[in-house]
Amino acid sequence: MKKLKFVVLLIGLLNLTLAANTTIHHGIRAEVFPDKHAISVVDTLTLPWQVVPPTIEFNLHSGLVVNSLTPGVEVKLLKANLSGKDTGMDVEAPEVLERVKQNRYRLLGKGGAKLPQKIVLKFEGQIYHPI
């Protein structure tokens with residue numbers, strides 16, 4: 001059950017920005033280390049072939065380090081330690097959102113190249129927010 005809670009939290013914090021009505025498939029492989037409050041994730045993003053944008057922006061929990069495992073795809077940090085905010089999910093404790101920090105990233109093709117339809121990201125680190 002703890003694994004499920006971590007993955008749900010992680011998906012909520014990995015908020016991708018694309019055109020409206022765009023579906024992105026996430027193939028997530030996650031390892032959860034509850035005693036260390038840590039997680040390690042490999043996320044294979046499959047973008048719809050009709051809507052592969054030149055860049056993708058997303059927020060991720062600031063305790064996680066993200067890297068692209070896809071050759072030719074760069075991860076650029078845009079802003080660090082942003083306050084968490086409601087991204088459309090039900091929030092039972094909105095006061096916690098101010099304590100949750102996120103980083104804003106942009107995925108882009110090296111040298112201005114188009115992003116591929118499949119992008120593999122790895123992110124890992126600690127997520128710990130005592131109640």
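**Note on the predicted model**

1. The model is a predicted one, and the remarks below should be read accordingly.

2. Strand β5 is joined to strand β8 (residues 118–126) by 5 bridges, and the two run antiparallel. Within this pairing, Leu64 stands opposite Gly125 in β8.

3. As to the overall layout, the chain comprises 2 helices and 8 strands. Read from the N terminus, its elements follow the order α-β-β-β-β-β-β-α-β-β. Of the contacts between residues at least 6 apart in sequence, 73% join residues that are at least 24 apart.

4. The aromatic pairs deserve a separate remark. The count in this model comes to 1 aromatic pair. The ring centres of Phe58 and Tyr105 lie 5.4 Å apart and their planes meet at 25 degrees; the pair is therefore stacked, given that planes under 30 degrees apart count as such. Phe58 belongs to strand β4 (residues 55–61) and Tyr105 to strand β7 (residues 101–109), so that the pair links distant parts of the chain, 47 residues apart. Phe58 and Tyr105 are both buried.

5. Concerning burial and surface, 32% of the 131 residues of the chain count as buried. The accessible surface of the chain comes to about 8,100 Å², and 55% of this surface belongs to carbon and sulfur atoms.

6. The chain has an average pLDDT of 81, and 74% of the residues score at least 70. Over residues 4–9, however, the pLDDT is below 50, and this stretch has 7 contacts in the model beyond near neighbours in sequence. Residues 11–15 likewise have a pLDDT that stays under 50, while the model gives them 19 contacts beyond four places in sequence.

Methods:
Residues numbered from 1 in each chain as written. Predicted model: local features only at pLDDT ≥ 70, side-chain atom pairs only at ≥ 80, totals over all residues. Heavy atoms only, no water. pLDDT = per-residue confidence, 0-100. Contact = heavy atoms within 4.5 Å. Phe/Tyr/Trp six-rings, centres within 6.5 Å; stacked < 30°, edge-to-face > 60°. Helix = DSSP H or I, 4+ residues; strand = E, 2+ residues; numbered from the N terminus. Buried < 20%, exposed > 50% of the residue type's maximum accessible area, 1.4 Å probe, protein only. Pairing = 2+ DSSP bridges. Areas by Shrake-Rupley, 256 points an atom, 1.4 Å probe, with all protein chains shown as cover.
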